[in-house]
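Have the structure open as you read.

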Amino acid sequence: MLSYRDIIKAKNRISNHISRTELFVDDDLNKEFNNLIFFKLDNRQRTGSFKIRGALNHILMLKEQGKMPKKIAVVTSGNHGAAVAYACQKFNIECLIYTSKITPISKINNMKKFGAEVVITDKRQEANELAEKKIEEGYEFIHPSSGDSVIAGQGTIFLEDLDSDQKFDAVFAPCGGGGLVSGIYVASKICQNQPEIFAVEPEIANDAQISLKDNDIFVFKDSPKTIADGARSLCISDNTFKYLKNIAGIIDVNENDIIYWQKRVSDLLKQDIEPTSALSIAGCVKWIKENNIKNKSIFVVISGGNS
C-alpha cells in the first residue's frame, strides 16, 4: 500500500504544474452548524477539478523513469479526461478519450479544447472496454482512480494544507471510483492527530457503501442516474477498496440535498461548483446533524467546477 511519503513525492513532482488552491471559510455557515468548516477549492484548479493532480503525477513519474508515452487512452465521466488532455497537450502526447453519452456537453467541450480526440459511446461499460483495449495498440492507459500514481496525486489535495497551524478533525470528499478519498486517507497518515476520513456518495450511486457492507465489490450494470455525474462510475476498484475499508465511514446523500448544497455553495463562493462537489458538504452536514457534532475543524473538498 502507498504511504504518506508517496504523497509527498507526488506533491514535489507536480507542484510546479498545478495551482495551490485556497481554503474558504464562511462565518455564517460556521455559526449555523457550530463547527469550523474549511472548503478546499479545487474547482479553481487548472482544468477545473482535482483530477489534474493524479494525471500529472502519473505522466511525470513515467517521464522520470524514461518511459514518457507517445499516446494515452482514458475512460472518463469528464474531469479525468480533461486533466489527461491538458497534460498531454503540455507534453505533446496524443490523447484519446472514451466517454459515454450521458457526459455533460460542457465537460466534453472541456476535453476537446485541450486537443483530445473524444469518442462517445452509448454506455459506460462500452467506453471502459474500448479504452482498455487500446493498451494492445501501444497506448498508455491511465485509470481515473485505481492506479497508485493517480491515488498519490489526488492525495496532494490534503497534504498541501498541512503545513499550517490548522489541524483538522474530519475530512469529507466525494467518492466515485474512490481514488480521491484513498489518496486523502494515505496523506492523513502524516498527521499526529489522525482526522476521520469520510467518503460521500449519492444514495442512488452508493456502490462503495454496498461493497463495504458485503465485503465484495458491487458493480452497477449501467451508470447510475445521479445528478452528481462525477460519481457515476460503475464500481470502485480492488485498489481503492483496500483503502476505503480503513476510513471512518461512507455517507450517502439524496439528490435533493446535492442540488440544495450545489446552489448554496455556489452562492457562497460566487461561482458555480459542479453537483459532485456538493456531495462533500452535504455529507458533512448530515454527519454533524445525526451525531450532534460541535466545535470540530472540518476539511471539505470542493472537487470541481465543471458543471
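## How H7 crosses H8

Helices H7 and H8 cross with a right-handed sense. In this predicted model, H7 spans residues 148-159 and H8 spans residues 179-187, and their axes come within 7 Å and cross at roughly 60°.

Which residues make the contact? From H7 come Ile 151, Gln 154, Gly 155, Ile 157, Phe 158 and Leu 159. H8 answers with Gly 179, Leu 180, Ser 182, Gly 183, Ile 184 and Ala 187. Sorted by class, the residues of this H7 and H8 contact are seven nonpolar and five polar, with no charged ones.

## How H11 packs on H12

Two packed helices are described by the angle between their axes and the distance between the axes. For helix H11 (residues 255-269) and helix H12 (residues 275-291), the angle is about 105° and the axes are 8 Å apart. H11 and H12 are therefore roughly perpendicular to each other.

On the H11 side, the contact is formed by Asp 257, Ile 258, Trp 261, Gln 262 and Val 265. Their partners in H12 are Pro 275, Ala 278, Leu 279, Ile 281, Ala 282 and Val 285. By class, the contact of H11 with H12 has nine nonpolar residues, one polar and one charged.

## The largest pocket

Now for the open space: the largest pocket holds about 540 Å³. Its lining counts 34 residues, and the closest to the pocket centre are Arg 124, Pro 144, Ser 145, Gly 177 and Ser 233. Helix H4 (79-91), helix H6 (124-133) and H8 are the elements that give two or more residues to this lining.

Which helix gives the most to the lining of the largest pocket? That is H6, with four residues. The pocket lining as a whole divides into 19 polar, nine nonpolar and six charged residues.

How many cavities of 30 Å³ or more does a search of the whole structure find? The search finds one. About 50 Å³ of space lies in the largest cavity.

Lining this cavity are Ser 77, Ser 100, Ile 102, Thr 103, Pro 104, Arg 124, Ser 223, Asp 229 and Arg 232. By class, the cavity lining comprises four polar, three charged and two nonpolar residues. Arg 124 is one of the residues that line the cavity, and Arg 124 is also among the residues closest to the centre of the largest pocket.

Technical notes
Residues numbered from 1 in each chain as written. Predicted model: local features only at pLDDT ≥ 70, side-chain atom pairs only at ≥ 80, totals over all residues. Heavy atoms only, no water. Axes fitted to C-alpha atoms, helices over the stretch in contact; angles between N-to-C directions. Left-handed = near helix turned anticlockwise from the far one by under 90°. Contact = heavy atoms within 4.5 Å. Nonpolar A, V, L, I, M, F, W, Y, C, P; charged D, E, K, R; others polar. 1 Å grid on protein atoms, 1.4 Å probe; cavity = no way out; pocket = protein on both sides within 12 Å on 5 of 7 lines; lining within 4 Å. Points joined across faces, edges and corners; volume = space filled by probe spheres on them. Parallel < 35°, antiparallel > 145°, perpendicular 65-115°, else oblique.
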